Amino acid sequence: MSTFFTTLNFKSLAFKSAIIYFLIFLTGLSLVGVLMLRYSSKSIIESAEGDIKHTTELVRVKIEEYLDRVESDIQYLSTNPELSSYLINPSIENETRLSKSYLALIESKQDYSQIRFISNDHRGSEVVRVDRKNNRCFT
């Protein structure tokens, strides 16, 4: 192995030129690598920002749709004919009809765990209460 290094002439023009060309090659390769890394990271960040904006918009739309459905259900509950009948004539029969109406609504809406009608008699007593527990609905 020592004969290999002794046969190389470190002072020759060919060896010095080869080293210079190799260093120029490495410098160019490094520059290309840095530029590609910078461009790639910028592209990845822009893509991630776009994904986040898209996901945020989807979540916003889903929340708005959910709140629209809840608003529609509240509107239905407030204009429910059984509620009107009960308010006009608070009999046991009208209370039972109102309970059945609330029960039908809660059975069709998996997101709700409870629907209540609370009187305004200054005590805040529950007139009708419908619950969902363990996927079972009851009054």
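1. R60 is partly exposed, with a relative accessible area of 39%; here buried means under 20% relative accessible area, exposed over 50%, and partly exposed in between (1.4 Å probe, protein chains only). E64, at 40% relative accessibility, likewise counts as partly exposed. The side chains of R60 and E64 meet in a salt bridge, with 2.6 Å from N to O; a salt bridge is a side-chain nitrogen of Lys or Arg within 4 Å of a carboxyl oxygen of Asp or Glu. R60 and E64 are four residues apart in helix α2 (residues 13-78), so about one helical turn separates them. Helices (H or I, at least four residues) and strands (E, at least two) are DSSP runs, numbered from the N terminus.

2. On the basis of the note: this is a predicted model, in which local features need pLDDT of at least 70 and side-chain atom pairs count only at pLDDT 80 or more, while totals for chains, interfaces and linings use all residues. Residues are numbered from 1 along each chain as its sequence is written, and side-chain values use heavy atoms, with hydrogens and water left out.

3. Helix α2 also contains L13, which is exposed at a relative accessible area of 67%. The C-alpha atoms of L13 and N80 are separated by 99 Å, the two residues being 67 apart along the chain.

4. A nonpolar patch on the surface is formed by I19, F22, L23, F25, L26 and L29, with about 570 Å² of accessible area together. Patches are made of residues with over 30% relative accessible area and no salt bridge, like charges being joined within 9 Å and nonpolar side chains (Val, Leu, Ile, Met, Phe, Trp, Tyr) within 5 Å. Accessible areas come from the Shrake-Rupley method with a 1.4 Å probe, and for residues only the protein chains shown count as cover.

5. The largest nonpolar core has 14 residues, of which L98, Y102, I106, I115, F117 and V128 touch the most other members. Such a core is a set of buried Ala, Val, Leu, Ile, Met, Phe, Trp, Tyr and Cys residues joined through side-chain atoms within 4.5 Å. At least two residues of this core come from each of α3 (81-88), α4 (92-108), β1 (114-118) and β2 (126-133). Helix α4 supplies the largest share, four residues. In soluble globular proteins, nonpolar side chains tend to be buried together.

6. Which residues does I106 touch, not counting those up to four places away in sequence? They are Y112, S113, Q114, I115, V130, D131, R132 and C137, where contact means heavy atoms within 4.5 Å. S101 is placed in helix α4 and is buried, with a relative accessible area of 11%. Leaving aside neighbours within four places in sequence, S101 is in contact with Y76, N80 and E82.

7. The structure holds one aromatic pair. The ring centres of Y86 and F117 are 5.9 Å apart and their planes lie at 85°, so the pair is edge-to-face. Y86 lies in helix α3 and F117 in strand β1, so the pair ties together parts that are 31 residues apart in sequence. Rings of Phe, Tyr and Trp (its six-membered ring) pair if their centres lie within 6.5 Å; planes under 30 degrees apart count as stacked, over 60 as edge-to-face and the rest as tilted. Y86 is buried at 11% relative accessibility, and F117 is buried at 14%.

8. A search of the whole structure finds seven salt bridges. One of them joins R97 and E93, with the closest N and O atoms 2.4 Å apart. Both residues lie in helix α4, four residues apart, about one turn of the helix. R97 is partly exposed at 42% relative accessibility, and E93 is partly exposed at 49%.

9. Another salt bridge links the side chains of R129 and D131 at 3.0 Å, N to O. R129 is partly exposed at 35% relative accessibility, whereas D131 is buried at 13%.

10. The loop between β2 and β3 (136-138) contains N134, which has a positive phi of about 55° although it is not a glycine. N134 is exposed at 78% relative accessibility. N135 lies in the loop between β2 and β3 and has a positive phi of about 60°, again without being a glycine. N135 is exposed at 66% relative accessibility.
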